[in-house]
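Work through the exercises below with the sequence and the coordinates open. Each task is followed by a stepwise solution.

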Amino acid sequence: MRTRYGNDELNKFLFIVCLVVIGVNLFLQARALHVLVILILIVTFSRSFSRCFDKRAQENMKFLELKNRFFGSREQKVYHKAAKADRKAANEGKRVLICPYCKEKLRVPVGAGKIKIKCPHCNSEFEETV
């Protein structure tokens with residue numbers, strides 16, 4: 001699972017929706033709800049096992065923005081802090097990379113070409129083109 005996206009807030013929400021639909025389906029016994037449960041589980045697991053970190057993160061950010069419009073919570077502060085770090089790195093001529101092993105954010109200079117990066121958090125090495 002190190003090279004996979006894993007779970008985030010959107011996946012947790014989809015799983016809870018799935019459990020609610022299963023609970024409702026216990027009383028209604030509708031075939032459409034069975035199909036809905038299967039579709040939600042397929043989406044949840046495909047997001048979890050995906051290797052497209054950027055797309056899944058964007059989906060999660062959109063979900064958090066929508067959630068915060070209705071509820072407003074601590075996640076909003078975390079999202080803004082991460083976005084601020086990315087903007088700061090872009091202004092300094094750096095790019096934010098995510099370690100594929102420990103998911104730690106690393107800042108590297110833009111335009112350096114293909115470089116070997118050693119993560120200070122987990123001491124793993126990987127190559128990336130910047």
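A salt bridge is a side-chain nitrogen of Lys or Arg within 4 Å of a carboxyl oxygen of Asp or Glu. The model is predicted, so local features need pLDDT of at least 70 and side-chain atom pairs count only at pLDDT 80 or more, while totals for chains, interfaces and linings use all residues. Residues are numbered from 1 along each chain as its sequence is written, and side-chain values use heavy atoms, with hydrogens and water left out.

**Exercise 1.** Find the salt bridges that share partners, and state which residues they join into one network.

Solution.

Step 1. Applying the distance rule gives 7 salt bridges.

Step 2. One of them pairs Glu59 with Arg47, at 2.9 Å from N to O. Glu59 lies in helix H3 (residues 53-70) and Arg47 in helix H2, so this pair ties together parts that are 12 residues apart in sequence. Helices here are DSSP runs of H or I with at least four residues, numbered from the N terminus.

Step 3. Arg47 also forms a salt bridge with Asp8, where the closest N and O atoms are 3.0 Å apart. Arg47 belongs to helix H2 (residues 31-48) and Asp8 to the segment before helix H1 (9-28), so the link joins parts 39 residues apart in sequence.

Step 4. Glu59 meets Arg56 in a salt bridge as well, at 3.0 Å from N to O. These two are 3 residues apart in helix H3, which puts about one helical turn between them.

Step 5. Through the shared partners, Asp8, Arg47, Arg56 and Glu59 form one network.

**Exercise 2.** Classify Arg47, Arg56 and Glu59 as buried, partly exposed or exposed.

Solution.

Step 1. Set the classes: buried means under 20% relative accessible area, exposed over 50%, and partly exposed in between (1.4 Å probe, protein chains only).

Step 2. Arg47 has a relative accessible area of 4% and is therefore buried. Arg56, at 13%, is buried too.

Step 3. Glu59 has 32% and is therefore partly exposed.

**Exercise 3.** Where do the buried residues of H1 fall when seen down its axis?

Solution.

Step 1. List the buried residues of H1: Leu10, Asn11, Leu14, Cys18, Val21 and Asn25.

Step 2. Seen down the axis, they fall within an arc of 90 degrees, so they line one face of the helix. The arc is that of the directions from the helix axis to the C-beta atoms.

Step 3. On the other side of H1, Ile16, Val20, Leu26 and Phe27 are exposed.
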